[in-house]
Amino acid sequence: MRAEKLKAQRRPLDIRIMKIVTWNINGIRTFKGGIKRALDLLDADIICVQETKVTRDLLDERTAIVDGYNSYFSYSRGRSGYSGVATYCRDSATPLAAEEGLTGLLTNHEDAVGCYGDQTGFSSEELQLLDNEGRAVITKHRIMCQDKEEKTLTVINVYCPRADPEKPERKQFKLQFYKLLQCRAEAVLKDGSHVIILGDVNTSHRQIDHCDPCETNDFDENPGRKWLNDFLHNGSPEDPNDKESKESSELKNPTNPGRFVDTFRLFHPNRANAFTCWSTLTGARQTNYGTRIDYIFADCKLAEEQFEATDIMPEVEGSDHCPVWGKLSCSMLASSKPPSLCTRYLPEFVGKQQKLSRFLIKMDQKSSQPEQKSVLPGSQDDDERRENVNPSGTNKVSDKKRSLAADSVVPKGKKTKTVNSSLKPQGNLLSFFKPKVTNVNDQEKETKVTSPQRDQKAETSRDSSSAAAAETEHASDASLDTDKRKKTACQPTAAPSKGASSGFWKSILHGPPTAPSCKVHGEPCVLRTVKKEGPNMGKQFFVCARPQGHASNPEARCNFFEWVKKEK
């Protein structure tokens, strides 16, 4: 209450509240209802999203250019459908500078943010790799605070790497990224600009930020947490507006290296179960069994003087993360035009309606062909069509007359489907697994097609007993009426009864094993497969079907586990 009163007292009536949002969207297709609709619902001046999973070649105009916003993207250079961040700014919050990456190596325009700090601790190869995965976008804005003094605010949108336990080199990569991020942020802060760092940091800071810290060995010894301890201001969180407590804390720790504040903990120092990321594989969001790894960090002065509130939005679904928002008591001052990094300046989106020359000059035949439509990773194009599976080289001689006749009837440019009438009707799939049995109707058909001379030679060469048997069969078939014989000749091998077919398939293909019931809830378990590399990779097992949760939660998954026994 005291914090709210102080904030309200110092905020002038004519100062507009600025809002900023960060959200790991786990793929740009999270915005199923349209990107503009999603941005409008988030209702913020600056919206930073991570893990867009879109590369430059797959960025479409609908995603890049949104009415009322200007956007800035960073893409992965090495892998498609991986990483990527984007910052959307309202037109009323247009930045004066923008830059992709943390190193400055990706910047080739004048209106960049600058201030790169001391990078002597990194090799040139390291710097290139750290910016190669599309993990940072920086925008610089003009703001007006309560003192009516115009200042600058630099927003660093980051998607920090994850330390894969199976890949030790990624652990070092993550720590190097943290080091570079701190180097860049402190350099910008030293230059006189306020700084906000927000995004998916991929490390839960304290035990209160983790659903079950006891399960993590040496929780406080994690290198990522040690970095956060040094990066963040470690003042007393009991009362963020109590200057005496802050000063006493600084006296107790004279070094006090942290120059930034976790704004969520500034306003909610003791709130538990405030998570921003949950495992979708185990359904952990249903039991709120997650971690808080998405943050809004701000420099100490900005956090103390301008921040009004920060909170999470666990009710917003669509990703395995939820958005985090922050509000500041300052107004955004829009730049006259977006900086060069803005996606609306990309060649593929500029002046499409002004390229009249395309219709006046002679086009190359190859370039006049319709371009193949690109889609985002993991999506399915509705206009996708399969090519005709009929080989063009089959039955060239026999089909020549028919194709000429078809060409004389069908207008040019129309595609026709060629049907090979010489192919026999497709029989039941069971016939491919059973011994081949001569069909009486097929024999009759063959007899009808052959000439009398050939029939006579064939009958002369046959054994007397087989000839007699064949003549008997043909005689019995000849008694059938014409319609019945035509109907019978066109039918494939008769399919077995439903019961026989079911039994046959079960003898060949073993279906999924019967799921046991877990011991605690008595409910059928779910079947899982080991995907982690190792001796058990590919093996199947059963676990409780309920969502993952804390051991003390009776509604959560129990510890039932059972390997699937191999069929003999």
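Mentor: We begin with a definition: helices (H or I, at least four residues) and strands (E, at least two) are DSSP runs, numbered from the N terminus. In this predicted model, local features need pLDDT of at least 70 and side-chain atom pairs count only at pLDDT 80 or more, while totals for chains, interfaces and linings use all residues. Residues are numbered from 1 along each chain as its sequence is written, and side-chain values use heavy atoms, with hydrogens and water left out. As an example, glutamine 128 belongs to helix 4, residues 124-130.

Trainee: Is glutamine 128 buried or exposed?

Mentor: Buried means under 20% relative accessible area, exposed over 50%, and partly exposed in between, with a 1.4 Å probe and protein chains only. Glutamine 128 has a relative accessible area of 52% and is therefore exposed.

Trainee: How does one describe a pair of aromatic rings?

Mentor: Such a pair is described by the distance of the centres and the angle of the planes. Rings of Phe, Tyr and Trp (its six-membered ring) pair if their centres lie within 6.5 Å; planes under 30 degrees apart count as stacked, over 60 as edge-to-face and the rest as tilted. Eleven aromatic pairs occur in this structure. In one of them, phenylalanine 73 and tyrosine 75 have ring centres 6.1 Å apart and planes at 15°, so the pair is stacked. Both phenylalanine 73 and tyrosine 75 are buried. Tyrosine 178 and tryptophan 227 are also stacked, at 4.3 Å centre to centre and 5° between the planes.

Trainee: Which parts does the pair of tyrosine 178 and tryptophan 227 tie together?

Mentor: Tyrosine 178 lies in helix 5 (residues 168-190) and tryptophan 227 in helix 6 (residues 223-231), so the pair links parts 49 residues apart in sequence. Tyrosine 178 and tryptophan 227 are both buried.

Trainee: Where does a charged end sit over a ring?

Mentor: The criterion is that NZ of Lys or CZ of Arg is within 6 Å of the ring centre and within 35 degrees of the ring normal. The charged end of arginine 79 meets it over the ring of tyrosine 82, 3.9 Å from the centre. Likewise, the charged end of lysine 179 sits over the ring of phenylalanine 122, 5.1 Å from its centre.

Trainee: How do the strands of a sheet pair?

Mentor: They pair through backbone hydrogen bonds, either parallel or antiparallel. Here, two strands pair if DSSP finds at least two bridges between them. Strand 17 (residues 540-543) is joined to strand 18 by three bridges. Valine 543 has phenylalanine 561 in strand 18 as its bridge partner.

Trainee: Where does UniProt place the feature "active site"?

Mentor: UniProt positions are given in the numbering used here, feature names are shortened, and annotations may be inferred rather than shown by experiment. The unreviewed UniProt entry places this feature at Tyr159, Asp200 and His321. These residues are spread over 163 residues of sequence, yet they cluster in space, with a largest C-alpha distance of 12.5 Å. Aspartate 200 lies in strand 8, residues 194-200, and is buried at a relative accessible area of 1%. Histidine 321 occupies the loop between strand 13 (307-312) and strand 14 (324-328), and is buried at 3% relative accessibility.
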